[in-house]
Amino acid sequence: MTANTPPSFLSRIAIAIGSFFAILGNGRLAADVNRVRAGEAFAADVAPKEVRVEVPVEKIVEVRVEVPVEKIVEKTVEKRVEVPVEKLVEKTVEVQKLVSTDTAALQLLGLLQREARFVDFIQEDVAPYTDAEIGAAARVVHEGCRKVLREHFTLAPVSDEAEGARVTLQAGFDATAVRLSGNVVGQAPFTGTLSHRGWYVSEVKLPQLTDTEAARIIAQAEVEL
């Protein structure tokens, strides 16, 4: 017998008796039988309703991401190599010092010759002359040399103490400005007698030359016509 074939009379009696006791013991079953008796269709006879259940599904989307790549471009840079100005200045100063030192010495010698006949006096053999004659010539040379010093150099004594005064030199004294003599033993401080105040030049005012070679002529040769 298939599921859709109606049961026989005897089978129905057995079902009725079994259902009687089942209905008495199961209230829910009794309610279902009551609905069927009232005309409701069996669940098997009712066409199933289509139930749409929307389940959210993540959609995988392929995204194309473009990463910017820095373009490498070879660039030729012209590099200028320049000699530091300081180096050029140092070289120029060195050359100027060599030139100006020689020129300044020649200038001074020329001034002493012009004002005091210094070169003539030094070059002269004074042996045949008397002391009086040499003294008279030395007075002229002295006056001329003093004039040159006053006009072109500013002089000041190294030490402000009077000559013959007792002085003390502390450690670290300027050895280029002070010279020790006599019995020099041990380390500073030194105490002694100032025998010479010394001199230093604070300013030099030599005339500006336009021809450095001309400075080599200390005294022109003289031709009397």
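Colleague: Let's start with Gln 113: is that residue buried or exposed?

Modeller: Gln 113 is buried, with a relative accessible area of 4%, and since this is a predicted model, please take that as a value computed from predicted coordinates.

Colleague: Where does Gln 113 sit, and which residues is it in contact with, leaving aside neighbours within four places in sequence?

Modeller: Gln 113 belongs to helix 3, which covers residues 85–116. Once the neighbours within four places in sequence are set aside, Gln 113 is in contact with Phe 118, Val 119 and Asp 120, and also with Ile 218 and Ala 219.

Colleague: And what about Arg 117, what is its phi?

Modeller: Arg 117 has a positive phi of about 55°, although it is not a glycine. This arginine is found in the loop between helix 3 and helix 4, the latter being residues 118–123.

Colleague: Stepping back, what is the order of the elements in the protein?

Modeller: There are five helices and four strands, and from the N terminus on they run α-α-α-α-α-β-β-β-β.

Colleague: How much of the protein counts as buried, and what is its accessible surface?

Modeller: Of the 225 residues, 9% count as buried, while the accessible surface comes to about 20700 Å², with 56% of that belonging to carbon and sulfur atoms. As for contacts between residues at least 6 apart in sequence, 68% of them join residues at least 24 apart.

Colleague: Changing topic to the strands, how do strand 2 and strand 3 pair?

Modeller: Strand 2 and strand 3 pair in the antiparallel sense over four bridges, and within that pairing Leu 169 has Phe 190 in strand 3 as its bridge partner.

Colleague: Where is the cis peptide bond?

Modeller: The cis peptide bond joins Ala 188 and Pro 189, with omega at about 15°, and Pro 189 lies in the loop between strand 2 and strand 3.

Colleague: Now pockets: what is the volume of the largest one, and what lines it?

Modeller: The largest pocket has a volume of about 660 Å³. Its lining is made up of 21 residues, of which Val 178, Arg 179, Leu 180, Thr 193 and Leu 194 lie nearest the centre. The elements that give two or more residues to this lining are strand 2 (166–169) and strand 3 (190–193), and the largest share, four residues, comes from strand 3.

Colleague: How does that lining of the largest pocket divide by class?

Modeller: The lining of the largest pocket divides into 10 nonpolar, nine polar and two charged residues.

Colleague: And what can you tell me about the second largest pocket?

Modeller: The second largest pocket holds about 410 Å³ of space and is lined by 16 residues, with Gly 110, Leu 111, Arg 114, Ile 217 and Ile 218 lying nearest its centre. By class, its lining has nine nonpolar, four polar and three charged residues. Ile 218, named here among the residues nearest the centre, is also one of the contacts of Gln 113.

Note on methods:
Residues numbered from 1 in each chain as written. Predicted model: local features only at pLDDT ≥ 70, side-chain atom pairs only at ≥ 80, totals over all residues. Heavy atoms only, no water. Buried < 20%, exposed > 50% of the residue type's maximum accessible area, 1.4 Å probe, protein only. Contact = heavy atoms within 4.5 Å. Areas by Shrake-Rupley, 256 points an atom, 1.4 Å probe, with all protein chains shown as cover. 1 Å grid on protein atoms, 1.4 Å probe; cavity = no way out; pocket = protein on both sides within 12 Å on 5 of 7 lines; lining within 4 Å. Points joined across faces, edges and corners; volume = space filled by probe spheres on them. Nonpolar A, V, L, I, M, F, W, Y, C, P; charged D, E, K, R; others polar. Pairing = 2+ DSSP bridges.
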